Amino acid sequence: MWDPNASIQEKQKMEQYMKEKILETFNLFAQDKKGYVDKKEIPYIMRFLGKFPSEAQVSKTILPQIEEDEPSESIKYQKFEPFMIQVLKSNEYDPDDTDTLLAAFRQLDEEKKGYIEIDTLKQKLTTMGIQFRPLEIDDFIKFATNGDPNATVIYYEDYILRLQFFIEKHMESVTKQYNPEK
């Protein structure tokens, strides 16, 4: 979405659009809509905005940049917005490419069956790294199994192809939502 070669006026419009999306997303997680969130929400907000930092990146790099001088359990929007704009402009923390995802799934598939059992994956997503919330897991499994309510496994190559197609369509949609003529 960010085009470093755009005109100054166009860059201003792109940045304003980013600010709108960041605020909209931040407010989904904000406590009583008072302009702050629990710092544990930061990775979820970033994922919602299409950025996927690791647990180490969140704790060692991101939180120290956006915390107040006196660290607390909350992050203020005024500190988060400029940080997130820079992340969106620089393409930091982008999702892994399909080859990396495929390699990760193959690591989990020790017997080389071409699939991962849903229960095994759920266990890993709720106990390792930045843990996924139940709704995120449910949405992931629904997408990964193409909505099959009886599925017990995820055929990861099919999932990755579906994900790649979805990301392309999503980016087209986001680009269409951004109207430079505003």
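Two packed helices are described by the angle between their axes and the distance between the axes. In the predicted model, helix H1, spanning residues 8–29, packs with helix H4, spanning residues 77–90, at an angle of about 125 degrees, and the two axes lie 10 Å apart. H1 and H4 are therefore oblique to each other, and their crossing is right-handed. On the H1 side the contact is made by Glu15, Met18, Lys19, Ile22, Leu23 and Phe26, which meet Tyr77, Phe80, Glu81, Met84, Ile85, Leu88 and Lys89 of H4. By residue class, this contact of H1 with H4 comprises 9 nonpolar and 4 charged residues, with no polar ones.

In soluble globular proteins, nonpolar side chains tend to be buried together. The largest nonpolar core of the model holds 28 residues, of which Ile42, Met46 and Phe80 touch the most other members. At least two residues of this core are supplied by each of H1, helix H2 (42–48), helix H3 (55–66) and H4, and the largest share, 7 residues, comes from H4.

When neighbours within four places in sequence are left aside, Phe80 is in contact with Ile22, Phe26, Ile42, Ile45, Met46, Leu49, Ile66 and Ile75.

Key
Residues are numbered from 1 along each chain as its sequence is written. This is a predicted model: local features need pLDDT of at least 70, side-chain atom pairs count only at pLDDT 80 or more; totals for chains, interfaces and linings use all residues. Side-chain values use heavy atoms; hydrogens and water are left out. Axes are lines fitted to C-alpha atoms, for helices over the stretch in contact, and angles run from 0 to 180 degrees between N-to-C directions. Helices (H or I, at least four residues) and strands (E, at least two) are DSSP runs, numbered from the N terminus. Angles under 35 degrees count as roughly parallel, over 145 as roughly antiparallel, 65 to 115 as roughly perpendicular and the rest as oblique. A crossing is left-handed if the near helix is turned anticlockwise from the far one by less than a right angle, and right-handed if clockwise. Contact means heavy atoms within 4.5 Å. Ala, Val, Leu, Ile, Met, Phe, Trp, Tyr, Cys and Pro count as nonpolar, Asp, Glu, Lys and Arg as charged, and the others, Gly among them, as polar. A nonpolar core is a set of buried Ala, Val, Leu, Ile, Met, Phe, Trp, Tyr and Cys residues joined through side-chain atoms within 4.5 Å. Buried means under 20% relative accessible area, exposed over 50%, partly exposed in between (1.4 Å probe, protein chains only).
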